[in-house]
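Me: Can you walk me through this one? Keep it short, please.

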Amino acid sequence: AVIVGVLRYLKVQTKQASPEETVTFYLDGPDGVQVEVMYCRPYKKGRAIFGGLVPYNKVWRTGANEATTFTANKDISFGGTRVKAGTYTLWTLPGEKSWTVYLNSKMYNWGVDMDGNAQRDPAFDIAAIQVPVVIEPTIVEQFTISVSDPGKELVLRWDSVMVLIPITF
């Protein structure tokens, strides 16, 4: 019972440092494709992010705390791969010039193991896409996931880095 209480306390503390957010986007109006992303939003806090806090060429849980989830209410194309309606985990492999973005069909209790390694099991990857890194002049303090207007790309932004993942239906 003490261990469960400690784990709950630690979870609350990590959520204060990297708050949880659920964002919902409609790609084809309110009656069309709905995409929901649940993730935790860490802050930059003066740190070097990509190539530092988030190493290059090492799978990242794409946020903090639990693995980020991506849910679509209808079948979509994720970076050119047809994906059935459902809930998936979203993982990335950041590189200096490009990232690989994965949708994985397995749900995980936490985003990393006790050694800080991503828990993603590649056997459950259902989509993978390589996308270029866009370096922006404006620094984004808190990790942010959004959908571009008019809703054709999933946008990941943090520090000076932006990556765009094509989504179609």
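Reply: We'll go through the sheets, then the rings, then the core. Keep in mind that this is a predicted model.

Me: Okay, sheets. What order do the six strands of the open sheet come in?

Reply: The order is β1-β2-β3-β6-β7-β8. The pairing is antiparallel.

Me: Which strands stand at the edges there?

Reply: β1 (20-26) and β8 (125-132). Each has a single partner strand, so one side of each is left without a neighbour in the sheet.

Me: And how far are neighbouring strands of this sheet turned against each other on average?

Reply: By 20°, direction ignored.

Me: Zoom in on β6 and β7. How many bridges join them?

Reply: Five bridges join β6 (residues 86-93) to β7 (residues 98-104). The two strands run antiparallel. Leu90 stands opposite Leu103 in β7.

Me: Now the open sheet of four strands. What's its order?

Reply: It goes β5-β4-β10-β9, with antiparallel pairing.

Me: Why is one side of β5 and of β9 left without a neighbour in that sheet?

Reply: Because β5 (81-83) and β9 (134-147) stand at the edges, each with a single partner strand. Neighbouring strands of this sheet are turned by 50° against each other on average, direction ignored.

Me: How many bridges pair β4 with β10?

Reply: Two bridges, between β4 (residues 76-78) and β10 (residues 153-168). Phe78 has Ile167 in β10 as its bridge partner.

Me: Switching to rings. How many aromatic pairs are there in the whole structure?

Reply: A search finds 10. Take Tyr39 and Phe143: their ring centres are 5.6 Å apart and their planes are at 90°, so the pair is edge-to-face. Tyr39 is in strand β2 (residues 34-40) and Phe143 is in β9, 104 residues apart.

Me: Are those two buried or exposed?

Reply: Tyr39 and Phe143 are both buried. They also belong to a cluster linked by ring pairs, with Phe50, Trp60, Trp99 and Trp158.

Me: What lies over the face of Tyr102?

Reply: Arg120, at 3.8 Å from the ring centre.

Me: Last topic, the core. How many residues are in the largest nonpolar core?

Reply: It has 35 residues. Phe70, Phe78, Trp99 and Leu154 have the most contacts inside it. The largest share, seven residues, comes from β10.

Me: What is Leu154 in contact with, leaving aside neighbours within four places in sequence?

Reply: Its contacts include Val37, Phe70, Phe78, Leu90, Ile145 and Ile167.

Definitions and conventions. Residues numbered from 1 in each chain as written. Predicted model: local features only at pLDDT ≥ 70, side-chain atom pairs only at ≥ 80, totals over all residues. Heavy atoms only, no water. Pairing = 2+ DSSP bridges. Axes fitted to C-alpha atoms, helices over the stretch in contact; angles between N-to-C directions. Phe/Tyr/Trp six-rings, centres within 6.5 Å; stacked < 30°, edge-to-face > 60°. Buried < 20%, exposed > 50% of the residue type's maximum accessible area, 1.4 Å probe, protein only. Lys NZ or Arg CZ within 6 Å of the ring centre and 35° of its normal. Core = buried A, V, L, I, M, F, W, Y, C linked by side-chain atoms within 4.5 Å. Contact = heavy atoms within 4.5 Å.
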